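This report describes one protein chain, starting from a single residue and moving out to the whole. The sequence and structure come next.

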Amino acid sequence: MASKRPASSPASGNEPKRQKKVLTLHEKIELLDKLMGGKSYSAVGRHYGLNESTVRYIKKNEKEVRSSVASVFCGSAKMVNVVRDKTIVKMESALAFWFQDLRKKKKSHWTRR
């Protein structure tokens, strides 16, 4: 029995996936400034090629975005998809320090023999 779908349908898997657009921190700050200037969410979204819901999500996390910009050294850095909690960052750095300390102790233990 013949298939009811044409071979050129998008479900056939021939078309490439849409690329995810990632804004730089600088672009996100510009986006937030445009919103503060009175532009609508949809107008700002069209300008950046984003969905209105994405613009609303960035606006919802405005505090975290602005604090990330204040702590970033490189202006061209891209923001991580999830804004990280400061306590998690502190815990990860303490864990990395602990691993390094263990490795040093292990090396010194083997060099004494």
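Glu62 is part of helix α4, which covers residues 62-71. The model is predicted. Glu62 counts as buried because its relative accessibility is 15%, and buried means under 20%.

The side chain of Glu62 makes a polar contact of 2.8 Å with the side chain of Lys59. When residues up to four places away in sequence are not counted, Glu62 touches Leu32 and Met36.

## The nonpolar core

Leu32 also belongs to the largest nonpolar core, a group of 11 residues. Helix α1 gives the most, with 4 residues.

## The chain as a whole

The chain contains 5 helices and 0 strands, and its pattern along the sequence is α-α-α-α-α. Of its 113 residues, 18% are buried.

Among contacts between residues at least 6 apart in sequence, 56% join residues at least 24 apart. The chain exposes about 9,800 Å², and 57% of this area is supplied by carbon and sulfur atoms.

Note on methods:
Residues are numbered from 1 along each chain as its sequence is written. This is a predicted model: local features need pLDDT of at least 70, side-chain atom pairs count only at pLDDT 80 or more; totals for chains, interfaces and linings use all residues. Side-chain values use heavy atoms; hydrogens and water are left out. Helices (H or I, at least four residues) and strands (E, at least two) are DSSP runs, numbered from the N terminus. Buried means under 20% relative accessible area, exposed over 50%, partly exposed in between (1.4 Å probe, protein chains only). Contact means heavy atoms within 4.5 Å. Accessible areas come from the Shrake-Rupley method with a 1.4 Å probe; for residues, only the protein chains shown count as cover. A nonpolar core is a set of buried Ala, Val, Leu, Ile, Met, Phe, Trp, Tyr and Cys residues joined through side-chain atoms within 4.5 Å. A polar contact is a pair of N or O atoms within 3.5 Å; within protein, one must be able to donate a hydrogen and the other to accept it, and residues adjacent in sequence count only if both atoms are side-chain atoms.
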